[in-house]
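Work through the exercises below with the sequence and the model at hand. Each task is followed by a solution in steps.

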Amino acid sequence: KELSDSIEDGWRTLNSEMAEAIDFVNSTFRDSDDFDTMENLGFAMKRGPAGTNGGSDLLFFDSRADLYDAFKNKGVKLESGMRYAKFDTFILQKGDSKFLDCSANDSGLIDEILDFYMALPQRESKQQRKKKTKAEWQRILNRESKAVFPKNSVLIPRAIRSTGRIHFSNKPIFVSTNLFVCTPEDKKTAVLLSSWMTTIFYQLICEVSSKDNEGMRKMEGADIEKTFIPDFSKINDAFYDVILEEVDNITFLDLRNIQIRHIDKIWAKVLFGQNADSILEEATRLLSFVVARRNP
């Protein structure tokens, strides 16, 4: 299905600014030989699985203080986890949470943890937890402990409001259902993909490809797969070196107060040459309009 069709399906009302933004995305990216959809370019992507079957406060072990405090001095080994989509760091040396990987811990300790967890009172703010047996919790732990994503993964939030977050993970990481994960075949591709996704251009593509849920921009896997990505095979190593030097400086766009950053200028120059400034300014103008429209 053409992106233009899916865009129009996703918006029940269309004002002149949104129509203008859609035209810009189609003419600049869809109709260009230098871009294609994530799907057509063959990027493997899946939704983070951790918490699908419940037990997020067991898996993301430090999210519940009474559980974490009971075992933090007992030698429990915890790995990097990403539970929410609110972390403000582009390059992830760690996640926003500590994940309980049962394969890294002694079975006796895991058994003790499960007994303790099952005896904890239900949190008032949590939806009533369906009762599970110890064997069921063990199976969930076993399954989720195998679902680690490798280093050089790109993490894409399912929903954002006012910050254009994208993450590049420098180490293996466990990821919740709040994010999608793309696993490029090498670091170079992962750096190019993730840095592109932070740009004004890609954030505009997402705005016109997503659904507005009471001010929140929501995208499912099918929406992300239809977004436009540069054909990285046409990008030379010299440009990659420039991007690599800049990644430590990448900060996320504040969509309520959009400021052109150096990473935006780098991508604009390599993709649009002499027209870089004018196309970047137009993308910035349109992004400001469509974000204001959903009033995050």
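**Exercise 1.** State how many bridges join strand 6 to strand 10 and in which sense the two strands run.

Solution. In this predicted model, strand 6 covers residues 153–157 and is joined to strand 10 by four bridges. The two strands run antiparallel. One of the pairs to check is Val-154, whose bridge partner in strand 10 is Cys-182.

Next, take strand 2 (residues 45–47), which pairs with strand 10 over three bridges, again in the antiparallel sense. Here Arg-47 has Phe-180 of strand 10 as its bridge partner.

Last, sort the side chains of strand 10 (residues 179–182) by direction: Leu-179 and Val-181 point one way, Phe-180 and Cys-182 the other. All are buried, that is, under 20% relative accessible area.

**Exercise 2.** Give the strand order of the open sheet that three strands form, and find which strands stand at its edges.

Solution. The order is 7-12-11, with antiparallel pairing. Strand 7 (159–160) and strand 11 (211–213) each have a single partner strand, so one side of each is left without a neighbour in the sheet; these are the edges. Between strand 7 and strand 12 (residues 216–218) there are two bridges. In that pairing, Ala-159 stands opposite Lys-218.

**Exercise 3.** Describe the packing of helix 9 against helix 13: angle, axis separation, handedness and residues.

Solution. Start with the geometry: helix 9 (residues 200–209) and helix 13 pack at about 40 degrees, and their axes are 9 Å apart. The crossing is left-handed.

Then list the contacts. Helix 9 supplies Ile-200, Phe-201, Gln-203, Leu-204 and Glu-207. Among the residues they meet in helix 13 are Ile-279, Leu-280, Ala-283, Leu-287 and Arg-294. By class, the residues of this contact comprise 10 nonpolar, two polar and two charged.

Definitions and conventions: Residues numbered from 1 in each chain as written. Predicted model: local features only at pLDDT ≥ 70, side-chain atom pairs only at ≥ 80, totals over all residues. Heavy atoms only, no water. Pairing = 2+ DSSP bridges. Axes fitted to C-alpha atoms, helices over the stretch in contact; angles between N-to-C directions. Left-handed = near helix turned anticlockwise from the far one by under 90°. Contact = heavy atoms within 4.5 Å. Nonpolar A, V, L, I, M, F, W, Y, C, P; charged D, E, K, R; others polar. Buried < 20%, exposed > 50% of the residue type's maximum accessible area, 1.4 Å probe, protein only.
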